[in-house]
Amino acid sequence: MNDMTPDGYTTEDGRKIGAVVMEMRNITLRFGGVVAIQDISFDIREGEIRAIIGPNGAGKSSMLNVISGFYHPQEGEVWYKGAKRPTMKPYEVAQQGIARTFQNIALFEGMTVLDNVMTGRIRQMNAGLLSQAIWKGKAEREEVENREVVEKIIDFLEIQHIRKTPVGRLPYGLKKRVELARALAAEPSILLLDEPMAGMNVEEKEDMSRFILDVNDEFGTTIALIEHDMGVVMDLSDRVVVMDYGKKIGDGSPDEVRQNQAVIDAYLGVAHD
Amino acid sequence: MFYREAGDFKTSYTDDSQTFPIKFDRYRYYVVLVVAFAVVPFVINDYWVNAVFLPFLIYAIAAIGLNILVGYCGQVSLGTGGFMAVGAYAVYKLMTSFPEVSIFFHIILAGGITAGVCVLFGLPSLRIKGFYLAVATLAAQFFLVWLFNRVPWFYNYSASGQISAPERTVFGVPVTGAETAPWAAYLFCLVFVVASAIIARNLTRGMAGRKWMAIRDMDIAAEIIGVNPLKAKLSAFAVSGFFVGLSGALFFAVYLGAVEVGEAFGINKSFLVLFMVIIGGLGSIFGSFAGAAFLVLLPVLLKNTLVGGLGWPTDLAAHLEFMIVGGLIIVFLIAEPHGLAQLWRVAKEKLRLWPFPH
């Protein structure tokens with residue numbers, strides 16, 4: 001990370017990271033008198049795994065909600081692919097290629113796994129209502145083409161055996177995986193993961209970490225993730241933003257962050273000898 | 001034994017996403033179609049058509065329409081009666097204004113007009129949900145009935161305030177008016193029912209249906225993955241309104257022939273169709289048919305058993321009928337809250353394994 005240039009950098013494991021895709025400039029978000037995010041700036045570069053960490057209530061999820069257009073910051077600008085993003089509704093942000101998963105799973109419980117993942121293809125499927133009504137022409141073609149893509153993702157995340165099962169019947173770990181599949185199906189430019197390992201046992205965490213690394217490796221997807229498990233964050237991410245009480249207190253490679261005194265004080269507790 | 005998916009291999013995604021993936025179901029569906037089109041018209045008489053088949057078919061369309069809105073998109077509506085009235089009055093105005101155009105197109109157009117009205121009354125759904133939306137649609141129910149009662153233009157200034165369907169023909173055979181043969185009315189409605197069911201099924205298994213169900217299951221998540229809630233909700237109101245309008249038009253033109261709006265399309269109708277959807281099964285096209293059949297056939301069956309079979313007086317039987325139907329609905333909802341469609345699904349699951357227990 002020493003050779004940081006405007007065009008990117010090379011990670012320790014030799015991956016090439018590209019230019020800035022998304023940049024948050026001086027974001028401030030308030031809820032009435034409560035300041036959730038205070039003057040935070042950072043960027044996300046193409047192809048990297050960017051982690052946002054911080055103690056409970058630091059404003060991490062709020063930050064993710066700002067990125068996905070669910071909250072609108074009072075001050076500051078969001079720059080996406082070299083242009084300032086106007087105030088947008090969440091579905092417009094999604095149409096731009098930003099997909100996300102949720103801290104508490106937000107799947108469509110009454111639908112099958114396949115339908116859930118197919119819903120992720122919403123950006124790529126736009127046949128008219130009439131064509132869909134008679135199931136001919138564009139609608140039918142789209143359905144088959146997108147099904148092929150979705151099946152690849154289902155294979156990739158190893159959920160073939162449950163593709164026709166209603167999501168409501170699945171255990172927690174699998175639901176998390178289905179949610180990742182749905183986000184991936186959108187072929188996003190940036191994938192936001194809100195605590196992808198929350199509530200998982202070690203084995204499930206290992207699986208999920210492998211999937212995240214594979215996604216980044218195979219599809220070249222840019223990933224921004226929030227996670228509490230320090231081991232996971234330090235292993236997975238290329239660069240880390242550290243937040244505390246709505247402020248940014250650290251930004252850099254996992255090693256840099258680990259040695260940052262402010263971070264140690266705020267988050268990791270007492271310094272280890 | 002015969003109900004198996006084993007050996008019925010799917011080699012394309014088109015095959016896999018078809019309506020009846022299991023061979024036996026497919027054949028059963030074809031048999032039902034053949035019987036409905038080629039056998040039933042020859043054996044039915046006036047009583048069967050007017051007491052059983054016409055109401056069943058027409059309510060099935062209304063139930064499909066309401067199921068799309070309530071069962072698939074999760075938007076509660078109590079305005080079905082009012083929207084059916086829109087279909088009825090639209091088809092009446094079209095029939096009397098453009099007598100040279102085929103009634104077939106009038107009915108489809110009436111569906112389209114109802115879709116528009118339904119979207120208009122669906123606008124509050126963008127802001128409110130659940131019970132509050134139900135109350136908002138209830139306003140539609142009362143307003144529309146009031147409108148058709150009070151504005152004489154809608155009933156062509158007739159003295160009685162009623163509307164009555166003039167005779168119209170399809171391929172030279174009358175389908176409305178007093179001269180209509182039972183089989184003609186039956187076949188005319190059947191065509192609309194089959195088309196509605198196929199269209200509804202296609203919409204609900206495709207992207208439109210996924211968007212609706214996404215809104216139903218978790219609207220915030222749906223919006224964040226890219227579903228435009230405005231479009232999804234209003235398209236559900238439009239499609240639902242279209243089917244409800246069709247059924248209202250058929251109910252007036254083919255079934256009743258003459259209509260007084262408060263009587264035929266009152267709040268009772270809204271509840272009746274809603275009960276059909278709930279008893280049949282929310283979010284199931286088959287359930288719409290099952291619910292309509294249940295609520296149309298049960299009273300007929302009870303009446304025939306009590307009056308015809310046991311020889312009880314008609315008035316006593318009529319009152320008992322209300323009590324028994326009401327009681328059955330309650331028992332039924334406690335025993336199987338997901339409706340007849342769920343019973344059907346469970347039966348099919350069991351049948352797939354039969355005669356083995358696992």
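Q: How many residues of strand S11 (residues 239–244) of chain A are buried?
A: This is a predicted model, in which local features need pLDDT of at least 70, side-chain atom pairs count only at pLDDT 80 or more, and totals for chains, interfaces and linings use all residues. Residues are numbered from 1 along each chain as its sequence is written, and chains are lettered from A and ligands numbered from 1 in the order in which they are written. Helices (H or I, at least four residues) and strands (E, at least two) are DSSP runs numbered from the N terminus; a residue is buried if 20 or more other C-beta atoms, placed from the backbone, lie within 10 Å of its own, exposed if 12 or fewer, and partly exposed in between. By that rule S11(A) is mostly covered, and the number of its six residues that are buried is five.

Q: Which residue is the bridge partner of Ala51(A) in S10(A)?
A: Strand S5 (residues 49–53) and strand S10 (residues 222–226) of chain A run parallel and are joined by four bridges. S5(A) also runs parallel to S11(A), again over four bridges, and there Ile52(A) stands opposite Val241(A). On the S10(A) side, Ala51(A) has as its bridge partner Leu225(A).

Q: Which residue takes a positive phi in the hairpin of S11(A) and S12(A)?
A: S11(A) and S12(A) pair in the antiparallel sense over five bridges. Val241(A) has Asp251(A) as its bridge partner in S12(A). Two residues lie between the strands of the hairpin, and the residue with a positive phi near 45° is Tyr245(A).

Q: Which residues of S9(A) point the other way from Ile190(A), Leu192(A) and Asp194(A)?
A: Five of the five residues of strand S9 (residues 190–194) of chain A are buried, so S9(A) is largely enclosed by the rest of the structure. S9(A) is joined in parallel to S8(A) by three bridges and to S10(A) by five. Ile98(A) stands opposite Ile190(A), while Leu191(A) stands opposite Ile223(A) in S10(A). Pointing the other way from Ile190(A), Leu192(A) and Asp194(A) are Leu191(A) and Leu193(A).

Q: Which helix gives the largest share of the side of chain B that touches chain A?
A: Two residues are in contact if their C-beta atoms, placed from the backbone, lie within 7 Å. On that basis 24 residues of chain B are in contact with 34 residues of chain A. H1 (13–16), H7 (182–205), H8 (207–217) and H9 (219–224) of chain B each supply at least two residues of the chain B side. The largest share, seven residues, comes from H8(B).

Q: What is the handedness of the crossing of H4(B) and H6(B)?
A: Helix H4 (residues 80–97) and helix H6 (residues 130–150) of chain B pack at an angle of about 30°, with their axes 7 Å apart. A crossing is left-handed if the near helix is turned anticlockwise from the far one by less than a right angle, and right-handed if clockwise. The crossing of H4(B) and H6(B) is left-handed.

Q: Is Thr169(B) buried or partly exposed?
A: Thr169(B) is found in strand S2 (residues 169–170) of chain B. Leaving aside its neighbours within four places in sequence, Thr169(B) is in contact with Pro174(B) and Val175(B). With 15 C-beta neighbours inside 10 Å, Thr169(B) counts as partly exposed.

Notes. Two strands pair if DSSP finds at least two bridges between them. Axes are lines fitted to C-alpha atoms, for helices over the stretch in contact, and angles run from 0 to 180 degrees between N-to-C directions.
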